[in-house]
Amino acid sequence: MRSWISLLLPVLAAAGAIQQCKPSQARTRKEWGVLSTQEKTEYIDAVWCLRGLPSVLPNGEYPGVRDRMDDFVATHINYTLYIHSDGLLLPWHRHFIYLYEKALQDECNYKGTLPYWNWTLSTDNSTLNPVFDGSSTSFSGNGLPIDKTNATALCPKNIPCPTPGTGGGCLYNGPFINWTSHLGPFSISQVQPYGDLPPNTWAYNPRCLTRDFTPDWLSSLNTPSKISSMLSAPDIKSFLSLMSPSTLGYVGAHEGGHAAIGANMLDTFASVQDPVFFLHHGMVDRVWTLWQQGDPESRLLALNGTGIVHDPPTAELVTLDTMMEFGVLDCPVRVGDVMDVLEGEYCYKYD
Ligand SMILES: [Cu+2]
């Protein structure tokens with residue numbers, strides 16, 4: 001993987017010795033809907049706190065990086081072409097959302113754990129409740145409806161073509177109504193194996209956060225029966241073919257969640273700018289974790305695919321010894337060290 005900002009010391013890397021995880025002491029990551037009003041408020045406040053902290057990346061070199069939240073956005077942009085639709089999707093994003101959870105806790109005094117968005121609670125509801133009901137304890141709701149007369153429909157090869165979304169514009173209710181995106185937007189056509197970062201990658205382009213609820217994606221890709229098929233997948237290859245197939249034009253539950261929220265969340269490079277990104281990836285990590293724990297002997301260390309987007313045939317396969325980079329967020333991490341959520345730095349479980 002390309003070394004970019006790795007020369008800057010990860011100032012927030014764990015300083016002390018790693019403590020052993022006792023499974024009985026593992027902290028539970030919970031579904032957003034089961035959190036109390038106070039727990040939800042504390043999480044939302046912590047997210048806003050991160051927004052208010054200075055970035056580690058220097059603003060002179062990265063004009064669009066305005067705050068600590070943007071350190072996460074920029075890191076994801078920088079590694080996008082290595083960590084999607086391939087063998088690094090699961091391990092890289094597991095560690096990335098863990099670092100975000102840790103930043104909320106260490107830098108914003110958040111006492112809880114990272115919540116997740118259970119897709120299956122949204123599949124038959126066009127407002128994608130309860131995470132998106134627009135109340136003061138939600139992630140805000142849809143974007144305002146915009147005219148889509150000239151928009152091209154996104155139509156993957158392996159599911160019926162989804163009906164276009166009902167929003168597309170700026171958020172208009174809930175706690176994130178004044179949230180801003182600073183980087184991008186970037187075109188999906190830039191997501192190419194061995195491609196370059198988009199032009200003007202780090203430019204400052206402040207604008208509102210957009211969403212475009214498109215529930216058809218969820219009813220094709222994220223239903224309870226799709227989740228059970230994933231959980232009973234015999235090997236990691238078949239698991240990934242349902243979660244995130246590497247073949248261009250094919251989609252899985254990971255893409256389903258992104259596309260159902262739409263707009264900014266559909267921007268492969270910069271989707272992290274929507275704070276709900278971390279709840280969606282919490283669910284991706286949860287389903288992977290539950291699958292791994294269903295048969296640890298054969299599944300815990302199972303990997304498939306390469307470290308290049310869409311797994312081109314010439315790319316090297318990911319192994320437990322592959323090193324993953326996290327820019328200013330952390331030192332490089334070995335894939336083998338992120339496989340077990342009850343080992344090493346990690347000590348968490350899902351309800
Ligand atoms: Cu990603």
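The disulfide between Cys21 and Cys347 is right-handed, because the torsion about its S-S bond is about 70°. A disulfide here is a pair of cysteine sulfur atoms within 2.5 Å. In the link of Cys21 to Cys347, the S to S distance is 2.1 Å. Cys21 lies in the segment before strand S1 (27-29). Cys347 sits in the loop between strand S7 (333-334) and strand S8 (348-350). The pair therefore ties together parts that are 326 residues apart in sequence. Strands (E, at least two residues) are DSSP runs, numbered from the N terminus.

The model is predicted; local features need pLDDT of at least 70, side-chain atom pairs count only at pLDDT 80 or more, and totals for chains, interfaces and linings use all residues. Residues are numbered from 1 along each chain as its sequence is written, and side-chain values use heavy atoms, with hydrogens and water left out.

Buried means under 20% relative accessible area, exposed means over 50%, and partly exposed lies in between (1.4 Å probe, protein chains only). Cys21 is buried, at a relative accessible area of 9%. Cys347, in contrast, is partly exposed, at 25% relative accessibility.

A search of the whole structure finds 4 disulfides. With bonded cysteines counted along the chain, the pairing pattern is 1-8, 2-3, 4-5, 6-7.

Another disulfide joins Cys155 and Cys161. Their sulfur atoms are 1.9 Å apart. Cys155 is partly exposed, with 41% relative accessibility. Cys161 is partly exposed too, and its relative accessible area is 41%.

Cys170 and Cys208 also form a disulfide, with sulfur atoms 2.0 Å apart. This link of Cys170 and Cys208 is left-handed, with -75° about the S-S bond. Cys170 belongs to strand S3 (residues 168-171), and Cys208 to strand S5 (residues 207-208). The two cysteines are 38 residues apart, and the pair links distant parts of the chain. Cys170 counts as partly exposed, at 30% relative accessibility. Cys208 counts as partly exposed as well, at 25%.

Cys331 has 36% relative accessibility and counts as partly exposed.

Terms used. Helix = DSSP H or I, 4+ residues; strand = E, 2+ residues; numbered from the N terminus.
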